[in-house]
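Reader: I have a model open and want to learn to read it. Please take me through it feature by feature.

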Amino acid sequence: DDEGTAEVLSALRDGIVPTERLMVETDAPYLGFPGCRDSYLSHEGEMLDRLPSKKRKRLTKGTYPNVPSSLPMVLRAVLGALNEG
């Protein structure tokens with residue numbers, strides 16, 4: 001949600017999170033990125049075809065970036081906030 005996003009980015013800008021304690025992960029629900037799954041889905045197409053339809057739909061229609069291809073987007077958002085602080 002927008003409030004959660006603002007809170008996380010503010011904590012980074014204000015130095016509340018020491019950089020030596022910061023861990024960047026692919027699962028960053030407060031920093032949801034449109035299209036973050038696109039490269040992952042195109043690369044893993046064959047694997048997706050073998051998933052049950054409910055799991056396939058959840059993976060392809062989800063908004064949270066908990067896929068490896070989202071890591072650069074998460075890192076860019078974190079670095080942007082740190083550079084503003």
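Reader: Start with the surface. What is the accessible surface of the protein, and what share belongs to carbon and sulfur atoms?

Author: Accessible areas come from the Shrake-Rupley method with a 1.4 Å probe; for residues, only the protein chains shown count as cover. Here the total is about 6200 Å², and carbon and sulfur atoms hold 52% of that.

Reader: What ground rules apply to these values?

Author: This is a predicted model, where local features need pLDDT of at least 70, side-chain atom pairs count only at pLDDT 80 or more, and totals for chains, interfaces and linings use all residues. Residues are numbered from 1 along each chain as its sequence is written, and side-chain values use heavy atoms, with hydrogens and water left out.

Reader: How do I read the confidence, and where is it lowest and highest?

Author: pLDDT is the predictor's confidence in each residue, from 0 to 100. Where pLDDT is low, the predicted coordinates should not be read in detail. The protein averages 78, and 78% of the residues score at least 70. Confidence is lowest in helix 2 (residues 38-43), with a mean of 72. Confidence is highest in helix 5, at 87.

Reader: How many helices and strands are there?

Author: Both are DSSP runs, numbered from the N terminus: helices are H or I with at least four residues, strands are E with at least two. This protein has five helices and zero strands. Along the sequence the pattern reads α-α-α-α-α.

Reader: What share of the protein is buried?

Author: Buried means under 20% relative accessible area, exposed over 50%, and partly exposed in between (1.4 Å probe, protein chains only). Of the 85 residues, 22% are buried.

Reader: Which residues form the largest nonpolar core?

Author: Such a core is a set of buried Ala, Val, Leu, Ile, Met, Phe, Trp, Tyr and Cys residues joined through side-chain atoms within 4.5 Å. The largest one here has five residues: Leu9, Leu12, Val74, Val78 and Ala81. Helix 5 gives the largest share, three residues.

Reader: Take Leu12. Which residues is Leu12 in contact with?

Author: Contact means heavy atoms within 4.5 Å. Leaving aside neighbours within four places in sequence, Leu12 touches Val17, Leu22, Val78, Ala81 and Leu82. Leu12 sits in helix 1 and is buried, at 5% relative accessibility. C-alpha to C-alpha, Leu12 and Gly85 are 7.4 Å apart in space, yet 73 residues apart in sequence.

Reader: What share of the contacts joins residues at least 24 apart?

Author: Count the contacts between residues at least 6 apart in sequence: 78% of them join residues at least 24 apart.

Reader: Last, charges. How many salt bridges does the structure hold?

Author: A salt bridge is a side-chain nitrogen of Lys or Arg within 4 Å of a carboxyl oxygen of Asp or Glu. The structure holds one. Glu84 pairs with Arg13, and their closest N and O atoms are 3.3 Å apart. The pair links distant parts of the chain, Glu84 in helix 5 and Arg13 in helix 1, 71 residues apart.

Reader: Are these two partners buried or exposed?

Author: Glu84 is exposed, with a relative accessible area of 56%. Arg13 is partly exposed, at 30%.
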